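Let's take a walk through this fold together. Have the viewer open beside you as you read.

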Amino acid sequence: MEMLRITGQESGQRLDKYLRRRFPGAPFSFLHRMLRRKNITLNGRRADGSELISAGDEIRLFLSEETISSMRAGKAQPAGVFSGKESAGASGNASAAGASGERISRPPAFGIIYEDSDILIADKPAGLLTQKASAGDRSLNDELVRYLLDTGKAAPESFHYYRPSAVNRLDRNTSGIVLCALTLRGAQFLSEMIRSRQVRKYYRMVVLGAVHKPGEITGGLIKDSRTNTVAFADGEDAGMASRTVYRPVRTGKRYTLIEAELVTGRTHQLRVHMASAGHPILGDPKYGDLKENRRLKDRFGIRHQLLCAARLVFPETEGEFARLSGREFNAQLPEVFRKVMEAEQGEF
């Protein structure tokens, strides 16, 4: 007989799927047969496999050691968790184990705005990918896993059941808030918040030109996958419908600091919308003003868009995630925003 106790990271998934991940050598049909015969029980009772497991649940397997060993056969090492080449770390500055076996930790490559047992809200710096585009890339997802391992908040074996990761994405050179799920139930909650557009996301950006009043931009967006660019089509009938609501925060003669709510989350939406309105985001290499970008590069060394996912507001909610009900979280604007605003005193 063997007893398994469910941890917080493992909770929120179906019992049969948990068993399949835990025992990859066992056919699904065999696991269901053992459940029907009560050779596998959940909290001392018969289960059919459709039950959602929770932290603290106990699964008992009334099977021989030989059978359990065979069920575990074929168990794979979790990808990227200190094994082989990839474990050296895409960042080029991985944590290592000293001679004593003690892990040497380093600060994560992202800021932490909020963290609990299920969710981490990260402040991603510009230049860091949210997820890898190729094998050698450094990404927020990898840095998140490394942070959890370094701090002892997760063990390598836990990634067989759920691998913590970002739930939303930002462009490499857009900084700010990224929602990360540390557990399956956290991923389910955050994914539903984003899918149903209940969580409100606000961005700050510095744009070219003087903007004096709030506005709204709606229209279709047409993506060209060959060039990874998006074109704006006036009217929602063409392409993917998109909507942005914005307001000026500080208006100058030449530039404006804008806050925009991303009502729909399309690829490059804010960058395309602001350019279509005649106010491209400063530093944007794809949709910006090339002459102005050269000026900014020469003066401030700016090589990417001045765009930050600055604020996020959760809706009123009850139940398991009531702790986030109505809460607002803010990222720090990058230092370069301040430098541009202060240097251009006559233009703000």
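How many residues lie between S13 and S14 in the hairpin they form? The answer is three. Please keep in mind that this is a predicted model.

**Around the hairpin**

S13 covers residues 240-251 and also pairs with S11, residues 215-224. On its other pairing, S13 is joined to S14, residues 255-262.

| Strand pair | Bridges | Direction | Source |
|---|---|---|---|
| S11 (residues 215-224) and S13 (residues 240-251) | Seven | Antiparallel | DSSP bridges |
| S13 and S14 (residues 255-262) | Seven | Antiparallel | DSSP bridges |
| S1 and S3 (residues 58-61) | Four | Antiparallel | DSSP bridges |

Arg 243 in S13 stands opposite Thr 218, while Arg 247 has Glu 259 in S14 as its bridge partner.

**The three-stranded sheet**

Now turn to the sheet that holds S1. It is open, has three antiparallel strands, and is ordered S1-S3-S2. Strands S1 (2-5) and S2 (40-42) each have a single partner strand, so they form the edges and one side of each lacks a neighbour in the sheet. On average, neighbouring strands here are turned by 15° against each other, direction ignored.

**Two helices**

Helix H1, residues 15-22, lies across S1, S2 and S3 and runs at about 60° to S3. Helix H2 takes up residues 28-36, and its axis comes within 10 Å of that of H1, with a crossing of roughly 125°. That angle makes H1 oblique to H2. The crossing is right-handed.

Which residues make the contact? From H1 come Leu 15, Asp 16, Leu 19 and Arg 20, and they meet Phe 28, Leu 31, His 32 and Leu 35 of H2. Sorted by class, this contact has five nonpolar, one polar and two charged residues.

**Salt bridges**

Side chains of opposite charge can pair when their charged atoms come close. In this model, the count comes to 24 salt bridges. One of them joins the side chains of Arg 271 and Asp 171, at 3.1 Å from N to O. This pair links distant parts of the chain, 100 residues apart. Arg 271 sits in helix H6 (residues 269-276), and Asp 171 in the loop between strand S8 (165-166) and strand S9 (175-181).

Methods: Residues are numbered from 1 along each chain as its sequence is written. This is a predicted model: local features need pLDDT of at least 70, side-chain atom pairs count only at pLDDT 80 or more; totals for chains, interfaces and linings use all residues. Side-chain values use heavy atoms; hydrogens and water are left out. Two strands pair if DSSP finds at least two bridges between them. Axes are lines fitted to C-alpha atoms, for helices over the stretch in contact, and angles run from 0 to 180 degrees between N-to-C directions. Contact means heavy atoms within 4.5 Å. Angles under 35 degrees count as roughly parallel, over 145 as roughly antiparallel, 65 to 115 as roughly perpendicular and the rest as oblique. A crossing is left-handed if the near helix is turned anticlockwise from the far one by less than a right angle, and right-handed if clockwise. Ala, Val, Leu, Ile, Met, Phe, Trp, Tyr, Cys and Pro count as nonpolar, Asp, Glu, Lys and Arg as charged, and the others, Gly among them, as polar. A salt bridge is a side-chain nitrogen of Lys or Arg within 4 Å of a carboxyl oxygen of Asp or Glu.
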